[in-house]
Structures are given as C-alpha cells and as structure tokens.
Amino acid sequence: MVDEQIKERGVVDPRVITAMAAVPRHRFVPEPLTNQAYADHPLPIAASQTISQPYMVALMAEAAEISPSDHVLEVGAGSGYGAAVLSELAAEVVTVERHRNLADAATELLAELGHDNVTVVKADGSLGCPSRAPYAAVVVTAASETIPAPLIEQLADGGRLIIPLGSLGEVQHLTRLRRNGDQTSTETLGWVRFVPLIEDR
C-alpha cells in the first residue's frame, strides 16, 4: 500500500510515510471488508460514512505540514483511521464526530491500539472544538461548499486548514487555507470526492 499507492503517487514526507506504514488499516474497516482494507479506494463504514482511500489520508496529512509539537483538529473521525495516522505525526489530536456510534467505536479502538494522544468528541464538526483551540492544523474529512467560520477562528496563527470544497455528487477541490494573523490565503491541491459535511443545526 505505502509503496504503490502513496510513494508512487507523490507523497514524499518521510514522517507521513512512516505513519501510514505504522497504522493497521484493516482494524478500522468493517470485518467483512478487511480483505479490501489496503486497496486504493474508500470503503463504507457505519452510519453511511466512509473510510477514505489510503492515498487521500496520506495526501491530506502531508498537506497539513504537521510537526511533532502540533495540536491538531480532525473533523469527521469516522472509524478513527485518520486520527490514528495524525496521532503518529502530532503531539495531540482532537477528532470530532457527529455520529455517536462511530465516536464510541473510534474511542475504544484508538485506545486499544495505544493512540493515547487522541481525544474523540461527539459534536457537530462544523463547529470544531473551541474548548481545545487553537490548532496548528485542521483536517476536514468531509466536503463543504464553504469553509465553516468556526474552523478558521480556531486555527492558530500560521496554521493550516485542509478541506474538500464543493457540493455532494460533484468533484470537489481539496483546498489548503493558511492563516497569518487576521489574513488567510488558499490554494487548490487537486480534485477529490468526499461525503458531505453535515451540520446539526
């Protein structure tokens, strides 16, 4: 998986490559699909959600430019796979999940696998987790037509926010926002397709 899907497609950060190799992806997919766990495509999980393809997890982690001292927010815990990868890169990860069954399962599995620097919060991901802000990086694993303002507000000065922008059923563009004081800048990193970011309000 790492050699053929990640390195060969341009991910070069050695810390990201090591993190992808360290996390047992098959533990984060439904048992009937474990034989497909390392394939180059997303897979369905509970609550009509998906676990992203390995390359996309690596690409977003690399784009977030995470250092070992960083405090990171993930929006959309799903089964916990992305948070597990991020936990190999950052000092602390807060991951927000709106579905209680996914949040509970991710909490249990991440603890079992020793990812003690991850906190799973059951909440509306579009609101982030202000009580734990600011974050050096925010990684959003669902698509939105706009970047939710609370996520920008919770980004530390110099921080990076990675999010797929676009509508459900369409190709979205993976976007990196950088915050510099009160100013932000964005760049497009490529085309992607994600499930929608759903607000509970």
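# Questions on a predicted model

Reader: Which residues of H2 are buried?

Author: Val16, Ile17, Ala19 and Met20 are the buried residues of H2. Please keep in mind, as we go on, that this is a predicted model.

Reader: What makes these residues line one face of the helix?

Author: Looking down the axis of H2, you find its buried residues within an arc of 160°, so they share one face.

Reader: Which helices do the buried residues of H2 pack against?

Author: They pack against H1, H3 and H4.

Reader: Now to the inside. Which residues touch the most other members of the largest nonpolar core?

Author: They are Met20, Phe28, Ile66, Tyr81 and Leu110, in a core of 48 residues. Two or more residues come from each of helices H1 (2-7), H2 (14-22), H3 (54-63), H4 (81-87) and H5 (100-112), and from strands S5 (118-122) and S6 (135-140). H3 gives the largest share, with 8 residues. As a general remark, nonpolar side chains in soluble globular proteins tend to be buried together.

Reader: What is Phe28 in contact with, leaving aside its neighbours within four places in sequence?

Author: Its partners are Val23, Ile45, Ile51, Ser79, Gly80, Tyr81, Ala84, Leu109, Leu110 and Leu113. Apart from this core lies another, of 17 residues, including Val75, Val94, Val96 and Tyr135.

Reader: Why is H3 called mostly covered?

Author: Count its buried residues: 10 of its 10 are buried. They are Pro54, Tyr55, Met56, Val57, Ala58, Leu59, Met60, Ala61, Glu62 and Ala63. Just after H3, Glu65 has a positive phi of about 55°.

Reader: What about S6: how many of its residues are buried?

Author: 6 of its 6 residues are buried, and S6 is mostly covered.

Reader: How do you know that S3 and S6 pair?

Author: Two strands pair if DSSP finds at least two bridges between them. S3 (residues 71-75) and S6 are joined by 4 bridges, so they pair, and they run parallel. Val72 has Ala137 in S6 as its bridge partner. S6 also pairs with S7 (residues 155-165), again in the parallel sense and over 4 bridges. There, Val138 has Leu161 as its bridge partner, and Tyr135 stands opposite Leu155.

Reader: In which sense do S8 and S9 pair?

Author: S8 (residues 172-180) and S9 (residues 183-192) pair in the antiparallel sense, over 9 bridges. Gln172 stands opposite Val192 in S9. The hairpin of S8 and S9 has 2 residues between the strands, and Gly181 takes a positive phi near 65°.

Reader: What is the order of the strands in the open sheet?

Author: The 7 strands follow the order S5-S4-S3-S6-S7-S8-S9, and the pairing is mixed.

Reader: What makes S5 and S9 the edge strands?

Author: Each of them pairs on one side only. From one strand to the next, the twist averages 15°.

Reader: Why is Ala103 called buried?

Author: Buried means under 20% relative accessible area. Ala103 has 3%, so it is buried. Ala103 lies in helix H5. Leaving aside its neighbours within four places in sequence, Ala103 is in contact with Glu97, Val120 and Lys122.

Reader: What separates the C-alpha atoms of Ala103 and Val72?

Author: The separation is 17 Å, for two residues that are 31 residues apart along the chain.

Methods. Residues are numbered from 1 along each chain as its sequence is written. This is a predicted model: local features need pLDDT of at least 70, side-chain atom pairs count only at pLDDT 80 or more; totals for chains, interfaces and linings use all residues. Side-chain values use heavy atoms; hydrogens and water are left out. A nonpolar core is a set of buried Ala, Val, Leu, Ile, Met, Phe, Trp, Tyr and Cys residues joined through side-chain atoms within 4.5 Å. Buried means under 20% relative accessible area, exposed over 50%, partly exposed in between (1.4 Å probe, protein chains only). Contact means heavy atoms within 4.5 Å. The arc is that of the directions from the helix axis to the C-beta atoms. Axes are lines fitted to C-alpha atoms, for helices over the stretch in contact, and angles run from 0 to 180 degrees between N-to-C directions.
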